Amino acid sequence: MLIQTQLEIQLPIELLGELNCLCSLDRGCSSTKIVIVVVQPPSKQQATDKFKITFALAKNSQFDAVLDWLANTLPADPENGNRTIALTGGGSALHQEKICDKLRVQQPIFVDELVGQARGCIWLIKQAPAADVFYDDEFLTPLDEDVPLPALYVFSGSGNGLTLLYPDGSKCQDHIMMHGGKAFLGLSALVLGTSDYDEITGLAERAGPIEALDSRLGDFDMRPEHLDGLTREQKALRLASWFARWSAYFVDHGIRTSGIARVYLGCNFWRAKVLRELFAFNLRQKLLGTEFASSLKLRAFRTGHTGALGSMVTQSGKELSYIREDGFCRDVDSDY
């Protein structure tokens, strides 16, 4: 399948004015994220009073075919055939000329991907029903509970980072972590002989109950001598545990320094339930005995398109205006 729909949501038509275009592309290191807005004809708007946002995925190996599909699918200006789209991500910058040529885009709206990630996340938190955009796992905060901003945001795609999101739509400086999705796939190829995300996480899910893991280093050690004698499933679980554990370590530090125990997980690294559960397990272990153990609230997005969506709700060239100079220090961030 060329285009795989990951999620579809419907929002009130009055929110349409907050978007700067009806399509965005985020060509990442592993996949291309596409956001398409569908507006019903005027005769149907009164009946539904909604518009639809589709979040779709495509393989980078099929990028040319995806652009051909978009060229035949997206509406264009009836007078000159041109389109307006938003772009973000390093791959979109690299292939910007090709994208604009195939889709007949004169001037794309290009937004820095780290700012776009935060802006898309904030927009969904504030505008979309929680049940539509977040996982309802038993180890996450129930969907009927409020998880307000400010909050920590863990964005985990090919790379991995941590930032603080604020109610006014701004963010703090990012803390980049050196153990993202590309490292996960690379180490998996070395240890398991596969870099297929679904195969790796499927093996980990079959390894046994997460509750039986020892939170000390023993069950997370990836040195070769500590992998001998393990089944392929056990190796996959240890690998997944190692990455989730280090993400939890950084978030634990962010919670303690900011005083904010509200956390959102985003991007496609977290789409496997076993990784979300391992992260939640490890973070709660780290917070035991602290003032935050009982107040932790944890959510995970069902879509990895926050960057693509964020490019549609951000003014290009104004990215720095959304970044705060303060960070995770409680004394500096006295407003919250």
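The model is predicted, so local features need pLDDT of at least 70 and side-chain atom pairs count only at pLDDT 80 or more, while totals for chains, interfaces and linings use all residues. Residues are numbered from 1 along each chain as its sequence is written, and side-chain values use heavy atoms, with hydrogens and water left out. The protein has domain 1 (4–118) and domain 2 (134–301), with bounds that come from an automatic or database domain assignment.

**Where the domains meet**

- The C-alpha centres of domain 1 and domain 2 are 29 Å apart.
- Ten residues from domain 1 and nine residues from domain 2 take part in the contact, where contact means heavy atoms within 4.5 Å.
- About 780 Å² is buried between domain 1 and domain 2, and carbon and sulfur atoms give 58% of that; buried area is the accessible area (1.4 Å probe) that two parts lose on being put together, summed over both.
- On the domain 1 side, L114, Q117 and A118 lose the most area to domain 2, and together they give 55% of what that side buries.

**What holds hands across the interface**

- The rule finds zero salt bridges between domain 1 and domain 2; a salt bridge is a side-chain nitrogen of Lys or Arg within 4 Å of a carboxyl oxygen of Asp or Glu.
- Two residue pairs are in polar contact across this interface, both at pLDDT 80 or more. A polar contact is a pair of N or O atoms within 3.5 Å; within protein, one must be able to donate a hydrogen and the other to accept it, and residues adjacent in sequence count only if both atoms are side-chain atoms.
- Strand 3 (31–39) and helix 5 (113–127) are the elements that give two or more residues to the side of domain 1 that touches domain 2. Helices (H or I, at least four residues) and strands (E, at least two) are DSSP runs, numbered from the N terminus.
- Helix 5 gives the most to that side, with four residues.

- G310 lies in helix 11 (residues 306–310) and counts as buried because its relative accessibility is 0%; buried means under 20% relative accessible area, exposed over 50%, partly exposed in between (1.4 Å probe, protein chains only).
- G310 and V115 are 195 residues apart in sequence, yet 7.6 Å apart in space, C-alpha to C-alpha.
- G91, in helix 3 (residues 90–94), counts as buried at 11% relative accessibility.
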